[in-house]
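Reader: I'm new to this one. Can you walk me through it?

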Amino acid sequence: MLYQSTRSNRSVSDTHAVLEGIAPDGGLYVDPSLVSRSFDAESVLSLPYGEKASAILNHLIPGFTETNSRLGSIYASRFPHSEVTPVTKAGDYYFLELYHGPTSAFKDVALSVLPYLITEAIRKEGLNDTVSILTATSGDTGKAALEGFHDIDGTEITVFFPDEGVSAMQKKQMLSQEGKNVRVCAVRGNFDDCQRGVKEAFPALKNSLPGKQLSSANSINVGRLVPQVVYYFHAYSQLMQSGRIRFGDPVDFVVPTGNFGDILAGYYALKMGLPVGRLICASNTNDVLFDFIETGVYNKNRPFNKTASPSMDILVSSNLERLLFYVSGQDTGFVSECMKSLSETGSYRVSPEILSEIQNIFAAGKCSEEECFRAIARVWKENSYLIDTHTAVGYAAAEKYRSGLAETDDAFSHPCVILSTASPFKFPASVLKAIGAEATDDDFENARRLSSLTGVPVPKNIASLESKPILHKDLIDPSELISYVKGE
Ligand SMILES: *Cc1c(COP(=O)(O)O)cnc(C)c1O
């Protein structure tokens, strides 16, 4: 199965695309036949999670036969919930809970599988090198990737996070990570600095790390994207099982968005025949995607805000590049121009035709910090259902989107699924404040308070962190990232 770069027509195998992470021309690997190859969406809907995952991965990355046969056991061993990603109804909305994995964030769904994909790719490509994973994180990818890759033979992993841009709980999760092949490094900068540094490290280090092949655990890696397609299908199945819909009925999905990876997986599901109505892209006050979807102008020249939903504090959403590829009719010249303009001027504009293609599928919603907190309070008060700050941005965006629809609009009757991307216990101080309780400086104490106030148990992985020692102390400037990777 051939993949190609978003910026040129150079093709590589799916195993190579996963191994390399990012194309040598700086583009992202995409499946040029995504739209033209047919997939029997209806037939996979009755399957349990693991088998659904097998069918979907077999369609998108058929080269990974060994990993494919293990998906059922991978999910069963890491996601204790029998549905893996259960849907819970609260009020008028359905919440797709993606946080029942080892680090309590949705990144676990893909990062539980990516190490298997990478090690299989090493074998299939006949490589003797160590695969060195470089990862920039806005908080959740880092820990999920460390959990996935620690002590996996033939790999090593380095995670860069913004020193002051992650929650205390996220920081503790990363800095206490054990494993002989892991490095964790704080960066004096924001997530965009980390992500740019990592992207630049690939071409800069190409031939200067003998015996090593660089790859990425960020959603620029297509191996990160593909496992995320599965839960859109699984959410749809659960709505069918509950009797809410029949096959063919459109379902809207609201996605708290940062790097555009999670929502792009929804676009893939749609292109594979899942009856998706609208994909609603939810932003916090870093609303660059909101403006893009509304106007067709992507402009990152604006202040970077630190918010209570730090995993969405991103101004350069890498995976949008993949969407541009598809909505432009796979025009690599156009994508290259946009990306050139983005790096030179910080902005680009798409044509009215492309914008309308995007708006046919995507809608945008954004919310202020106050609206995010009010959303947590309202969902708790009205439904006794606890959501985290990122999910709350989704909820607030969903409310705004729906309030803009006329009751006569077909879309008004669509079930609306909000992707619940993290456990509230990853951000206990914010969630406590939102529901009107006091928070302390100690996040573990906050987690216990939140639990005793709400009766919701603290996830084990979070409770057990408290007594773990800090093992990583490195702190660098963004300009030092490449020499840090080289070990200088
Ligand atoms: C990463 C993350 C997001 C954003 O997902 P993208 O794929 O980067 O758009 C939203 N919420 C949480 C909790 C996350 O960890």
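Reader: How far is a polar side-chain atom of Lys-107 from an oxygen atom of the ligand?

Author: That distance is 2.6 Å, a polar contact (N or O atoms within 3.5 Å). This is a predicted model, where local features need pLDDT of at least 70, side-chain atom pairs count only at pLDDT 80 or more, and totals for chains, interfaces and linings use all residues. Residues are numbered from 1 along each chain as its sequence is written, and side-chain values use heavy atoms, without hydrogens and water.

Reader: And how far is Asp-140 from a ligand oxygen atom?

Author: A polar side-chain atom of Asp-140 is 2.5 Å from one.

Reader: What kinds of residues make up the shell around the ligand?

Author: Five are nonpolar, seven polar and three charged. Here Ala, Val, Leu, Ile, Met, Phe, Trp, Tyr, Cys and Pro count as nonpolar, Asp, Glu, Lys and Arg as charged, and the others, Gly among them, as polar.

Reader: Switching topic, how many aromatic pairs are there?

Author: The count is 18, taking Phe, Tyr and Trp rings (six-membered for Trp) with centres within 6.5 Å. Phe-39 and Phe-233 form one that is edge-to-face (planes over 60 degrees apart), with 6.0 Å centre to centre and 80 degrees between the planes.

Reader: How many residues apart are Phe-39 and Phe-233?

Author: They are 194 residues apart, and the pair links distant parts of the chain.

Key. A polar contact is a pair of N or O atoms within 3.5 Å; within protein, one must be able to donate a hydrogen and the other to accept it, and residues adjacent in sequence count only if both atoms are side-chain atoms. Rings of Phe, Tyr and Trp (its six-membered ring) pair if their centres lie within 6.5 Å; planes under 30 degrees apart count as stacked, over 60 as edge-to-face and the rest as tilted. Helices (H or I, at least four residues) and strands (E, at least two) are DSSP runs, numbered from the N terminus.
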